[in-house]
Amino acid sequence: MAKRKVIISAAVTGSIHTPSMSPYLPVTAKEIGTAAIQAAEAGAAIVHLHARDPEQGQPSQDPKLYEPFLTRIGKESDVVVNITTGGNPLMTLEERLAPVATFQPELASLNMGSINFAMYPMLQRFTEFKYDWERPYLESSKDFVFRNTFGDIERILEKGAASGTRFEHECYDIAHIYSLAHFMQRDLISGPLLVQSVFGILGGIGVHPEDVTHMRRTADRLLGDEYQWSVLGGGRHQIPIATMALAMGSHVRVGLEDSLWLGPGELANSSAAQVTKIRAIIEELGMEVATPDEARAILQLKGRDKVAF
């Protein structure tokens, strides 16, 4: 019997962690490109990417900051590139869409609903910051609403459809599965969907095993066989959530965007290190890691020759 293929996604940098929380978070285009290529070499079939201002470390959706590392990744790796449409909660929808509109990737992330997106508890663990904007940013997250209205989602879906980009549908709560089913019923999206269940973000669903099974059962009931399920756990929950969900038939996402840790009290020195760890677990469970081309086939992606970078 053929072994089940598991897609590993690596979120190598992102907007939910500030750079000075870990010296290993990539900030410059060179660092982001290297982190993505190393994660792919370790076994990631997909790399999920944000960009940062190289001087101040702030999240940015300026296509000019994406171009250097996208070009390099395209030349040096066959990995599937997944560009964010999330950005961060303070950006406009047009800002968030700019990189996907410009580069037309095979895959892009799409948050399936609005949520309170709170990061201020990090201030209990981190007290020293490299940049002036970091502490106020975390403190103000008490009032962040990450806006993703039905109108916003429609516009993002339309932008993707125009260039053949498919989506990683990020579902932070049960209602987001219902929203996804709503758009399927309207024929605005079709399977196979990549459903990324996100656990452990304050404002979204929790990390109890019953939360994981509830997400799975709800997706099965509403989406049937039209989806591929993947999970990510925030912070220290990254590997435990992934391991549990693997036994339930999931794919997995790891990376420094979602967790800074490799183990208790041990900072991960790269997203590749987290990929290596979860790959070992996948193989111990008797499964195989999917290659980029296998992931393309499973998710019915348009192919690396049809992107604009």
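Reader: How do the axes of helix α7 and helix α8 cross, and within what distance do they come?
Author: First, a caution. This is a predicted model, where local features need pLDDT of at least 70, side-chain atom pairs count only at pLDDT 80 or more, and totals for chains, interfaces and linings use all residues. Residues are numbered from 1 along each chain as its sequence is written, and side-chain values use heavy atoms, leaving out hydrogens and water. Now the helices. The axes of α7 (residues 209-223) and α8 (residues 238-246) cross at roughly 45° and come within 11 Å. Axes are lines fitted to C-alpha atoms, for helices over the stretch in contact, with angles from 0 to 180 degrees between N-to-C directions. Helices here are DSSP runs (H or I, at least four residues), as are strands (E, at least two), numbered from the N terminus.

Reader: What do you call α7 and α8 relative to each other?
Author: Oblique. Under 35 degrees counts as roughly parallel, over 145 as roughly antiparallel, 65 to 115 as roughly perpendicular, and the rest as oblique.

Reader: Which residues in α7 and α8 meet?
Author: Pro209, Val212 and Thr213 in α7 meet Ile241, Met244 and Ala245 in α8. Contact means heavy atoms within 4.5 Å. By class, five residues in this contact are nonpolar, one is polar and none is charged. Ala, Val, Leu, Ile, Met, Phe, Trp, Tyr, Cys and Pro count as nonpolar, Asp, Glu, Lys and Arg as charged, and the others, Gly among them, as polar.

Reader: Where is Ile205, then?
Author: Ile205 is in the loop between β11 (193-199) and α7.

Reader: Buried or exposed?
Author: Ile205 is buried, at a relative accessible area of 8%. Buried means under 20%, exposed over 50%, partly exposed in between (1.4 Å probe, protein chains only).

Reader: What does Ile205 touch?
Author: Leaving aside residues up to four places away in sequence, its contacts include Tyr172, Val198, Asp211 and Met215.

Reader: New topic. Where is Arg296 found?
Author: In helix α10, residues 292-299. Arg296 is buried, with a relative accessible area of 8%. Beyond four places in sequence, Arg296 touches residues including Asp78, Glu106 and Arg304.

Reader: And the whole protein? How many helices and strands?
Author: The protein has 10 helices and 16 strands. Buried residues make up 57% of its 309 residues.

Reader: What does the C-alpha trace span?
Author: About 50 × 40 × 40 Å along the principal axes.
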